[in-house]
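These are short notes to read alongside the coordinates.

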Amino acid sequence: MKILLLTQWFDPEPTFKGLAFARELQQQGHQVQVLTGFPNYPGGKIYDGYKLKLYQREQIDGISVLRVALYPNHDSSALKRILNYISFAFMAMLFGIFATKKADVIYAYHPPLTVGLAAIFIKLFRRTPVVYDIQDMWPDTLKATGMLNNQRILNIVGRVCQLVYYFVDHIVVLCPGFKKLLNERGISDDKVSVIYNWCDENSLTQAQPIKSEYQQLLQGRFNILFAGNMGKAQSLDTILDVSMELRSESKIQFVFVGGGTETERLKQRVLDENIENVVFIPRVPMSEVGGVLEHADVLLVHLKRDPLFEITVPSKTQAYMAMGKPLLMAVSGDAADIVQKAKCGCIALSEDTESIKKAILEIYHLSTDEQRQLGLNAKQFYDENLSLSRGTQQFIEIFKRVEDA
C-alpha cells in the first residue's frame, strides 16, 4: 500500500507515531511518505539544523518527508498555540493536495484537531480515505489541562470534532474508554477501533549510560521514578506529600526526570520544606531515557483526579512496561486495568497520599525475586499486546479495510 502519514509532530521531535512507525510500515512492505511541519516541539523554536521556509523535502531511511511552514510556538498562550495549529493545517492542506504523491490511505494524527480538517480537505480533492488516530480527546483534554476554559469555544471545538469524525473513514483510539466516549457521542461502534500505543523501543533498549552525576544520585537507593512532563495535569504535589510521609524509610527516594510548567515551583517547595528524599534530573535526550529508567525500582504514573484521565492510558505506561520494571499506577480506569491484567505492579488512587504510600510500601517489602517477576510480567505483556510490530499490524489491517470499502 501507499500510505501518507499526516502529522504535525515528527522526528526529531518527540512523538509516538513518528519515524519508528514509518519505518515499521516500510519494513512490513508498504510505501510511506510523510507530511509534517518543521520541528519545534516542545520548546517552540525551530530545531538546530533546520531553517523555517515554505517547505523542505528530505529522505530519512528511504522515507520521503515533506516539511511545510508553520508558526512555531508552544507556550501557554492559547492564541499563539492556535496560530501554530492553524498555520500547519493550512500549509498541510495545500501541499497535501498539490505536492504529495497519490496515496491509498491517509493516516492523520490527532492532536491537534486541525490536522483532521486538513486531512478531510485532502481526502475530498484526492479521493483518498482517512484513518484518524485520536491521542487526546478534544475538547475534554483542553478543559481538563486548563489550556482552554471558555465554554463557548469548547462547544465550538466539540462541534468541529463531530464534523471530523463524520467525514473520516475510520477512527483509531488508544484505549477502550475513548471508544466508549465516542460511541456515547453518536459515532458507530464499527467505525472505531482500539489500538494501544507503543513506545520508542529502540531508544529505550539501546540507551546510552546515564551521566555519572545522575548515577551517583540513584545508587544504593530504592528509587520511585517519575519521568516526563511535570505540569498541572500530573498533580505532583501529591507525590511530594507522599515523600514526606515516607521520610522514615531512609532507603526510599523519589526521582523526578524531565521538566514542565510546574518543575521550578516543585523544586522550590522541596527546598522550602527541606524534603531530603526527592531529587530532580533535568530532561534528557531520548537516547538516554532508557539508561535513567534502568536505575528505577518502581516506575510511577500519576495524574490528577479527573474523569477524562480514567479513560486514557498515559503514554509513559508503555515505556515503563517495555523496560521490565514494576509499575505504580496512580490513575484509575483503563491504565489501571492494563497493570492489573499484566500483573506487573500496584494500583493506587490519584491524589490520595495514603493510597499511594500503601502501594509503594507493598512493592518495597516484596522480595527481590517478587519485584523482578513484576518487571518480567510487564515486559511480556508489552511484547505480546502493546509493541510496535503488533500495533502496526493492526493499523495495516484497518488501512486495507478502508481502501477496499
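Which residues line the largest cavity?

1. Leu4, Gly96, Thr100, Lys101, Ala103, Ile106, Ile122, Arg126 and Thr128 do. The lining has four nonpolar, three polar and two charged residues (Ala, Val, Leu, Ile, Met, Phe, Trp, Tyr, Cys and Pro count as nonpolar, Asp, Glu, Lys and Arg as charged, the others, Gly among them, as polar).

2. The model is predicted: local features need pLDDT of at least 70 and side-chain atom pairs pLDDT 80 or more, while totals for chains, interfaces and linings use all residues. Numbering starts from 1 along each chain as its sequence is written, and side-chain values use heavy atoms, without hydrogens and water.

3. The whole structure holds one cavity of 30 Å³ or more (on a 1 Å grid over the protein atoms alone, a set of points where a 1.4 Å probe fits but cannot get out; lining residues have an atom within 4 Å of a point). The space in the largest cavity is about 40 Å³ (the volume filled by probe spheres set on the points, which are joined across faces, edges and corners).

4. S12 runs parallel to S9 (residues 222–229), joined by two bridges, and to S13 (residues 327–330), joined by four; pairing needs at least two DSSP bridges. Isoleucine 224 has valine 298 as its bridge partner, and valine 301 stands opposite methionine 329.

Technical notes:
1 Å grid on protein atoms, 1.4 Å probe; cavity = no way out; pocket = protein on both sides within 12 Å on 5 of 7 lines; lining within 4 Å.
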